[in-house]
Each structure stands twice: as C-alpha cells, then as structure tokens.
Amino acid sequence: MCILCEFLQGLFPEVCVWDPTIGLPPERTQNVDAIGIVIQPGPHQIVEYIQLFMTNPEQVANLWGHTALYLRRGGQIVRVIGFDPHRIMMVRDVVPRLLGGWGGTVSGGRRGTTGVYYDEERMFRSPDLIAVEFPLGVGQLYHIEEVLDVLPPTGTAGPLTHQGFLQEYVTKDGLSFPGHFNPDVMGNCLNSIMQILARSNLVISPTGTRLSSQGRYIARPGHDVSPFQTATTEVAETGPVLALHDLDQSPPNHVLASFSGYMSTAMAAGRRLGTSIVTLAATSASVHFVVRALAGTRIEALAATAMNWFGLGGVSAPSGAWWQYAAILKVLLSVLVEGLPRDSVFWRLRPELLERLLTGIVKACFVYALARGDMSAWVPAIWVMTSLLMAALRR
C-alpha cells in the first residue's frame, strides 16, 4: 500500500476506512492465519499524558493500559475481545475516597469491580497500538475455530452469562487483594487472555529471560506472559521475544512471534494529525466557553490574553464556532463508545455512525477555515507538530 494511501486512511478513517482492523493489515504482519495480542500502552510520564490527550483522547478510557486478544483468518481479523472494568465507572477510581470515590483502589489491585467483555476492534485505530502476532501452520488452523467457539460473549460479565470465565476485574494478579483471590473468576485483561487460550491448550510465554529497566524479572521461559500490563508492554516493545506454545503437540510446538510492532508510520501520522485537528477544535471551543463564563470579571482580560497568545483566539469558522462544539461532542462520544459495554442501551442508537459524521464535519470545516484565511496557520501547525514530536519521543 502506498504511503499516501496509508496517510489518508489514517487522516480520514471515517471516509476511507470502515473496518478499524485495517490499522494492522496482513501486508504489514505477513500473516494469513494467526493469533495475536494488541496492546494500548498506558501513559506513565507527563509527556505521555499530554501526547495521549492531544493525539489519542478517546483512549482515555484505557488510561491504565489494556491488552486484547485477536484472531486473524484468511488475512482478515475476525474477532477482537478484551476484558476490562466498566470504563466509564472507573472514573470513580480517580476520585478520592473522601469525595465518595474509590481512591485508586481498583487500579492498585486492592479492590475488585464488575468486569466487562468488550469488542475491541477500535483498538486498531489507535496510533499507539503495539501488536504481537503468532502465525499458524496448516495443521494448527483448527485452533482459530476452537478459540472462536470458546470466546465469552461481549457485555457485562456475570455468573449466568459468563460461567467459567473471569467476572470480577482485579489487577496485579491478586497480590494486593485483601480478600480471597479466586483466579477462576478474578483477574485482569491479561489473565483473561491466558484463560481463553488455555481452553484450546495454548500458552503465550517469553522465549528468554528479560529484565526491566529497574532490573526486575519481567519475563521467564516456561511462564505465562506477565499479568502485569507494564511488564507485558515492555516485553512486547523489545521485539518478537514471545512464543505461542501448542500443548496439543507432543512435544509442544513453539510458534515464535513473527511480528511485534506498531501501526505503519504513515498511517499513525495521519491518525495523529486527524485527531489533533479535532482536539484543537474542542480545546478552542472549551477556552471560548470559559472566557465567556468569566465575562465581567478581572480574570476575563487575562484569559483572553492567554488565548490570543496561544493563537486560540483566531480559531473560528465563517459560520461561527458551532463546528468546534461539534468537536467537543465528538470527543465525548468517542469516550462513551470506548467505555460503554455493547449490551448497554447506548449502542442501540448506533453512536459510531454519529461519531464518524461529527469527525468528518470538524475536519472539513477546519480545512475550509484554513483555506478562507480565518485561522492562523501556525496555530494548528505547532499543535500538530508538538503532538507528533511527543509521539515520536514516546516510541
């Protein structure tokens, strides 16, 4: 695929791409039939948080990082599934206990919460994705059908709908959990992947010992991939050092990862540019709203000066700022699409179609405003270049 085509697919996915999994086409992984894991790494440094909010804000729903299992058959990704807490409810985890929140007890592994199985195809739209893929030979293709048959249904987990699967989300493999930790029904996204693959006699394990930057063991041969998200992300980023072990074979057949990498650079640049346009418009509208709310106060002049200094004062379309408010709605809608389970009433409204429409409107109006000279060209240029630089530094 030509670089320009990949860039345009990233820039205008609402027009060029209806299948999110095209973010990792078979031409890139060189696999026709495979089992893989896709990772959305969580931010840890301040520059990573800024970069996430500027170029990939919908992944705020995966702020702690996330891993999902996917199956590729005939070159196409046919299923992507991941286990996570109710992502919207996880807002309570960042609220201190004094204010009625959970105070970080869920992310810290000291509290469990109801788990949800998500359809994770949208993870392949993330320019931050890390994928690890294990090719299957002719004699192993039955594993894809086996795993498809045992996959849990998407939606909120419960004892009736998800018997034999994880139902309560608990991080850190229960090491910090104050009560009885039952690994059959408790765990995180990585524990869920291990449980699902084990039903088809498959295990993902490192091919050699790996140490973290702090000198801790994060990968040992003969052990499952680490249930700690940060450790697994670090192993995946070091290259194809993971293997899929087929325990149906005697002796067990070890399938080395043939691909361990990212979305193509051109497509990732297009995704970040397109998302930065939406984020810039949403930020501008938010700042305008705050300034109007401060009208008549001493802070108004200071806020207006700051807005002009950063160039946000000139961000307006000929028809007004309505399209910028559409950008706010698009960002909020994307977070809801990422965070609400598929069995919720919200999904009956087909929100992904409205999300595509809003994104297309915002980008078209942005380009039109630039063409009319209603916007300082250096404002979006600095915004986008800064966000791309942050992404490059992170990778």
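Guide: One term to begin with: contact means heavy atoms within 4.5 Å. Keep in mind that this is a predicted model.

Visitor: Leaving aside neighbours within four places in sequence, which residues is Ile35 in contact with?
Guide: Ile35 is among the members of the largest nonpolar core that touch the most other members. That core holds 35 residues. With neighbours within four places in sequence set aside, the contacts of Ile35 are Leu69, Tyr70, Leu71, Val132, Glu133, Phe134, Leu136, Leu197, Leu202 and Leu244.

Visitor: How many residues are in the second, separate core?
Guide: Nonpolar side chains tend to be buried together in soluble globular proteins. The second core includes Ala281, Ala327, Leu333 and Phe346. Its residue count is 17.

Visitor: Is Glu355 buried or exposed?
Guide: Glu355 sits in helix H11, residues 351–372. Beyond four places in sequence, its contacts include Glu58, Arg122, Arg125 and Leu333. Buried means under 20% relative accessible area. Glu355 has 1% relative accessibility, so it counts as buried.

Visitor: How does Ile50 count, buried or partly exposed?
Guide: Ile50 lies in helix H4, residues 46–55. With Ile46, Tyr49 and Phe53, Ile50 forms a nonpolar surface patch of about 370 Å² accessible area together. The relative accessibility of Ile50 is 34%, so Ile50 counts as partly exposed.

Visitor: What share of the chain's residues is buried?
Guide: The chain has 12 helices and 14 strands. Its accessible surface comes to about 17,900 Å², with 63% belonging to carbon and sulfur atoms. Of the 395 residues, the buried share is 52%.

Note on methods. Residues are numbered from 1 along each chain as its sequence is written. This is a predicted model: local features need pLDDT of at least 70, side-chain atom pairs count only at pLDDT 80 or more; totals for chains, interfaces and linings use all residues. Side-chain values use heavy atoms; hydrogens and water are left out. A nonpolar core is a set of buried Ala, Val, Leu, Ile, Met, Phe, Trp, Tyr and Cys residues joined through side-chain atoms within 4.5 Å. Buried means under 20% relative accessible area, exposed over 50%, partly exposed in between (1.4 Å probe, protein chains only). Helices (H or I, at least four residues) and strands (E, at least two) are DSSP runs, numbered from the N terminus. Patches are made of residues with over 30% relative accessible area and no salt bridge: like charges are joined within 9 Å, nonpolar side chains (Val, Leu, Ile, Met, Phe, Trp, Tyr) within 5 Å. Accessible areas come from the Shrake-Rupley method with a 1.4 Å probe; for residues, only the protein chains shown count as cover. A salt bridge is a side-chain nitrogen of Lys or Arg within 4 Å of a carboxyl oxygen of Asp or Glu.
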